[in-house]
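Visitor: Hello! I am new to this structure and would like to learn how to read it. Could you walk me through a few features?

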Amino acid sequence: MFIFVFYLLLFVLFVCSCPFILIALLLRPDFRVGLAQRLGRLPSHITRIANSKRPVWLHAPSVGEILATRPFLVELKRAFPDRPLLLSVQTSTGLEAAKTRCPIVDCVFYFPLDHAFVSLSVIRRIRPCLFLFTETELWPNILLGLARHSIPTVLVSGRFSERAHRRLSLAPFIFSRVLRRITLFCMQTQEDADRLISAGATPETVHVTGNFKFDNVTETNSRAPKLLSHEYLSNRVIIIGASTHA
């Protein structure tokens, strides 16, 4: 009953928003980039790879998350060497970054519109054995559709800010049920974990594992001491803009 009411509510909201969506598509050409994929029409080579063996699907929306997940993608490939690895993104710059910076991935595509008919169609086409998503990418239709097909879902390097908590608390009867259908939460901080549990996640599924963006040691990081000890820089004042976080 809950699923039916939820889908009905989303359908009504979608119909009401259609005029605004059409205007945006007409006025903003960038909104039309990847539209077919966002509506569930995946290229044939993606479905062909997915149909060869049930893949592992990771969703990282934009460039920052994609670059941060590269070491994790390597570990995923080690853990599932016989499975195709699919990566979905939200932005055109993210798509380009994924294609050029993540060669280990078998396929890159735009994340589908979070509408019941679209999401279920994509899930049936891809048939993943595991779905992982980053940061705050809590898309209810996708997550409910995956749960209906008994596909494990895992949030990695998860964030759940006070603002997100307030937003989800506007409809607790919906989002608490969505959160309880997620298999595992790997959160960045204890504060994120506590807020998620208070929003309805099952405590046993919530763990603090760290932040991909801050915890990764990359090739660039390992070269930094050598760069700073270079003769050209040794007698100069060096200012590093490393982060705007507190």
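Visitor: Which residues make the contact?

Guide: From α7 come Ala116, Ser119, Leu120 and Ile123, while α8 brings Asn141, Ile142, Gly145, Leu146 and Arg148. Sorted by class, the contact has five nonpolar, three polar and one charged residues. The crossing of α7 past α8 is right-handed.

Visitor: Now the sheet, please. In what order do the strands stand?

Guide: Strands of a sheet pair through backbone hydrogen bonds, in a parallel or antiparallel way. Here seven strands form an open sheet with parallel pairing, in the order β3-β2-β1-β4-β5-β6-β7. β3 (107-110) and β7 (206-208) each have a single partner strand, so one side of each lacks a neighbour in the sheet. From one strand to the next, the twist averages 20°.

Visitor: How many bridges join β6 to β7?

Guide: Three bridges join them, and the two strands run parallel. Phe185 stands opposite Val206 of β7.

Visitor: Where does pLDDT stay under 50?

Guide: Where pLDDT is low, the predicted coordinates should not be read in detail. Here that stretch is residues 218-224, with one contact beyond four places in sequence. The protein chain averages a pLDDT of 83, and 79% of the residues score at least 70.

How values were computed: Residues are numbered from 1 along each chain as its sequence is written. This is a predicted model: local features need pLDDT of at least 70, side-chain atom pairs count only at pLDDT 80 or more; totals for chains, interfaces and linings use all residues. Side-chain values use heavy atoms; hydrogens and water are left out. A crossing is left-handed if the near helix is turned anticlockwise from the far one by less than a right angle, and right-handed if clockwise. Helices (H or I, at least four residues) and strands (E, at least two) are DSSP runs, numbered from the N terminus. Contact means heavy atoms within 4.5 Å. Ala, Val, Leu, Ile, Met, Phe, Trp, Tyr, Cys and Pro count as nonpolar, Asp, Glu, Lys and Arg as charged, and the others, Gly among them, as polar. pLDDT is the predictor's confidence in each residue, from 0 to 100. Two strands pair if DSSP finds at least two bridges between them. Axes are lines fitted to C-alpha atoms, for helices over the stretch in contact, and angles run from 0 to 180 degrees between N-to-C directions.
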